[in-house]
Amino acid sequence: MFESLRAVVLGAPPSGLRLEDGARSPAPGAPGGGGAAVDMKTPYLTEKKIEGMIALTKDNPNFWASRAGKPPSAATAEMHALAKKYGFSNFQDLAETAARVTMGMAAVGMAKLNASEFEEARQAMKDSPGLPADMKGLMQKHVEDTMAATGDLNEKDRKLVEKYYDRLDALSD
């Protein structure tokens, strides 16, 4: 599930644009606004949002894979309705929740690794004989970018994800 979530592009329609459900898209930086303009340091997640995401994912196991590479602005009325069914205001709200949960999962997962285990994994990646140098470089950059991005998530959202970590992680199986 989380690989599919990472593939979901989290851009949103321009502020004030009418969505297919008749609502207006949030202003950049507002909750549900998606994209880089959202301030990850501002708490956004609630238990209800995480519970809704868990329920949606359990009931629709291929949902995230079907969304890979599609921005929330490409969401259909059916997707907005599905998001609403699980307690979200629209698909952008669901996508913003998914982005923060994904970031929180990465942060909590990395915290579970002790520093020596993480360094061993990095070294194993570097020393892998069957992996082309350019691929190693890309993988290393991805790890470093992920580590940097997880630091942007506020403590309240990270703690909520940590509370639900085992349930969220079970969705990946």
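## Tour of the predicted model

Being 4 residues apart in helix α5, Arg100 and Glu96 are separated by about one helical turn. Select this pair to begin; the model on screen is a predicted one. Arg100 and Glu96 form a salt bridge, with the closest N and O atoms 2.7 Å apart. Both Arg100 and Glu96 are buried, that is, under 20% relative accessible area.

Next, select helix α8, residues 155-170. Here Glu162 and Arg158 lie 4 residues apart, about one turn of the helix. They form a salt bridge whose closest N and O atoms are 3.1 Å apart. Glu162 is partly exposed, at 41% relative accessible area, and Arg158 is partly exposed as well, at 21%.

Glu47 belongs to helix α2 and Lys163 to helix α8, so the pair ties together parts that are 116 residues apart in sequence. Lys163 counts as exposed at 54% relative accessibility, whereas Glu47 is partly exposed at 36%. The model has 7 salt bridges by the rule used here.

Move to helix α4, residues 77-85. Which residues of α4 are buried? Colour Met79, His80, Leu82 and Ala83: these are the buried ones. They cover an arc of only 160 degrees around the axis, which puts them on the same side of α4. In general, an α-helix has 3.6 residues a turn, so residues three or four places apart point the same way. Turn to the other side of α4 to find Glu78 and Lys85, which are exposed.

After α4 comes Gly87, whose phi is positive, near 95 degrees.

Last, go to helix α7, residues 133-150, and select Leu138. Is Leu138 buried or exposed? Leu138 is exposed, with a relative accessible area of 56%.

Methods: Residues are numbered from 1 along each chain as its sequence is written. This is a predicted model: local features need pLDDT of at least 70, side-chain atom pairs count only at pLDDT 80 or more; totals for chains, interfaces and linings use all residues. Side-chain values use heavy atoms; hydrogens and water are left out. Buried means under 20% relative accessible area, exposed over 50%, partly exposed in between (1.4 Å probe, protein chains only). Helices (H or I, at least four residues) and strands (E, at least two) are DSSP runs, numbered from the N terminus. The arc is that of the directions from the helix axis to the C-beta atoms. A salt bridge is a side-chain nitrogen of Lys or Arg within 4 Å of a carboxyl oxygen of Asp or Glu.
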